[in-house]
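I opened this entry to keep track of what I looked up. My notes follow the structure below.

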Amino acid sequence: MSIEPMKLFFKEIKKPIKTAMIGNYAVAGGITQTDPDVICAFPITPQTQSVEGLSDVVYQGRLKAAFVNVESELAAMSYATAACASGARTFTATASQGYLLMAEALPMAVGWRLPLTMMISARAFNAPNLSIWNSWEYVLIDFGWNCIVSENVQETYDAAILSVMISEDSLFPTMFVHDGFIISHSVQQLTLIPDETVRKLTPKKMRPTIDPEYPGTWGGIVTPDFFTEGRLGLDVAKKPVLGIIDDAFKRFKDATGREYNTIETYNLENSSKTAFITMGSMCGNIISWMTKNKDVGLIKIRTYRPFPYDELQQIVQENDIEKLIILEKSDSLNNLLPPFAMSTATALYPLGTLFRCFIVGLGGRDVTRDELDIAKKKMKHVMDMKGQLYTYLGARESANKLHEVEL
Amino acid sequence: MLTEKQVKEILKDHCLNLRFHARGGQGGVTASNLCVESFDGYGVCQPKFGAERMGSPTESYVRLSANYDLVRSNEQVYVPHFVSVLDDSLLSEVDVTAGMPDGGWLIVNTTMNQNEVGMTIANKNLNIATIDATNIAMEVLGRNITNTVILGALIRVSHLFTIDQLADAIMTRFKGEIAGKNVKAIKRAFEETCLYENPGGVEIDFKTDTKVPWQQVSLSLPGYKELDPAGVWYCDNKIMRVGSDQVNTGSWGEWNIVWDEEKCTDCAQCWFICPDFAIITEKGEDGKFHMKGINTFFCKSCQNCIEICPVNAIHKEPKQGPGSCAVPEA
Ligand code: SF4
Ligand code: SF4
């Protein structure tokens, strides 16, 4: 091959490097720098290049990791969980149906308090038709993993490193997500962090692991006498995690100069006291659109799990936000609202803030100025919380007729 | 043509957008990546999302600006100011000027002159640049790879970055000797580009948003009320125009596949192996199916049938005319 996408990572990175790469290779690079011991994943579009890039650095001898090929995502998650339990710093990655196939093994890393790290290139689930393109499938199942969502390539590269920090500080597995294709396959500019800085941010620390000197049964059966206490123990352990994530963001900023927060806000002191709230690549679309639409703001959720309820309430209150426009790339056929909107609504419940949820960008449909304009316009007329709280935006009812939008 | 100074001024608070048309395997995405890497400012590049197949028409997009907030959008490019076409066989197959504003530049790798290119273009307010990138690539690189070469022409008409900036980007991406040859080819393309500005002297309109509202929703297609409730594609259903029988895979190939009726024994092995149902069969009077020929609309010249035919009844011949031998063999 005349082009080597991972070339920059073949040797020690001594100083910050400005470059441009696709999201998946950037993640492969970031993970390389965290020096994982085991990489085990099964390829699926649009996640593929992340693992392919890692195989390249392992092949080049740059990364001394066990690169393990397995037959499925279920095997990948099972293997990765066990490897992590044995003390290895472990990375895996998946998307869509692969995430579903992992489902059986997903709760284990949480229960065993394993600092496993996983990348997700968000892609739709297959129903009623197959789609390889972007939707938010990851919001639909939640077993207690931490979850960091990225807007662009720089953020997803940084999230690769941050997730290792967060996993190992919280002893809970962390997934970091970017929108499939939109970020995974787009070339964007980013600045790489020197290897030495990453090493300092992600030192390998002692933690409880499977140990032949100290044998025990992991995941053994318990009677009703014990199970509830196990769950309660996990719940209590999860409480400080948002604080741990804030601390990781702070150390990351001190080391690299790049500032992240669990919730990031833009232009909240606007005239209409209205703000969009969403996560991922759409935030970029909104920020560009806001250069001409200064009468709305944006609340961008970077830490999706654990959901920052208190902080969101505080931000809405302090900025006197009266209306929130929730944009979500997933739907719910059964609930009052899709999952991301449901979390947001729960936080807003004591405040009585008005909101509506707009379902956009499913299966890779682009989210453009059209959707943002209409959402803003529709929100102007919302005066109460009556009726259906969500609507699909930019969907055809019949040929040349949009669902709930006048052309 | 805008001067370098004017372009710099525009970039301060606007985005300039590029689009590349190529065939899978020609490296259109690499060309757009190189633009981002060469540009002194903020830039992003997106391929047209999906699976890229050898020889199929591909698109990739670039947005460049000095204002970070403007390129921060992950929206697709609807209004390209500079469009580069790596393969002139695409001119008749794809609407290469879609969304282009008046004064935009269309850059084509071709041996045709501007009148011949102009005839295929409806908007007479566009500017056209032509370059015989294939010839330069063959002479300098020794291979028909035009993706870097065409960037020489792009630099000439756009001033978005310089040859030196592009050379730097190529040196970091490509291996030693290949990198040097590419830079040489780019310099030659810069010199040899032919420019045809529109007669009215219309400059690029970078202010008007020419995106068609809701074009991302493909309004003319059927809506949920008209589609099958379970998303099934029934074979006789012409509502949902999907599936490979909608795709002119025949344009992807670089060979004509020729069938010899005399030699054929009707064993049907080619029919089984053909990935695109390009083998035409007909039920004969004996009640059996017989091979009747090859459907050129679907045949992408993958050559599977040639390999499997036990009696050598199928062979290949190079395609003639513009755009032939489009994709370099790996
Ligand atoms: S070359 Fe043969 S097998 Fe391949 S598409 Fe054409 S007819 Fe089918
Ligand atoms: S494989 Fe050869 S002999 Fe058999 S049907 Fe095809 S062309 Fe005829």
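**Entry 1: the interface**

I began with the area. Chain B and chain A bury about 4,100 Å² between them, 50% of it on carbon and sulfur atoms. Buried area here is the accessible area (1.4 Å probe) that two parts lose on being put together, summed over both. Asn74(B), Arg173(B) and Trp214(B) supply 19% of what chain B buries against chain A, more than any other three residues.

I noted the basis of the values. This is a predicted model, in which local features need pLDDT of at least 70 and side-chain atom pairs count only at pLDDT 80 or more, while totals for chains, interfaces and linings use all residues. Residues are numbered from 1 along each chain as its sequence is written, chains are lettered from A and ligands numbered from 1 in the order written, and side-chain values use heavy atoms, leaving out hydrogens and water.

Next I looked up who takes part. Chain B brings 52 residues to the contact and chain A brings 49 residues; contact means heavy atoms within 4.5 Å.

**Entry 2: polar links**

I found 32 residue pairs in polar contact between chain B and chain A, both at pLDDT 80 or more. A polar contact is a pair of N or O atoms within 3.5 Å; within protein, one must be able to donate a hydrogen and the other to accept it, and residues adjacent in sequence count only if both atoms are side-chain atoms.

S2(B) gives the most to the side of chain B that touches chain A, with six residues. Strands (E, at least two residues) are DSSP runs, numbered from the N terminus.

How many salt bridges cross the interface of chain B and chain A? The rule finds five, taking a side-chain nitrogen of Lys or Arg within 4 Å of a carboxyl oxygen of Asp or Glu. I looked at Glu397(A) with Lys225(B), where the closest N and O atoms are 3.0 Å apart.

**Entry 3: strands**

Strand S8 (residues 187-192) of chain A pairs with S2(B) in the antiparallel sense over two bridges. Pairing needs at least two DSSP bridges. Gln188(A) has Val44(B) as its bridge partner in S2(B).

Glu282(B) has His290(B) as its bridge partner in S10(B). The hairpin has five residues between the strands, and Gly287(B) takes a positive phi near 80° there.

How values were computed: Helix = DSSP H or I, 4+ residues; strand = E, 2+ residues; numbered from the N terminus.
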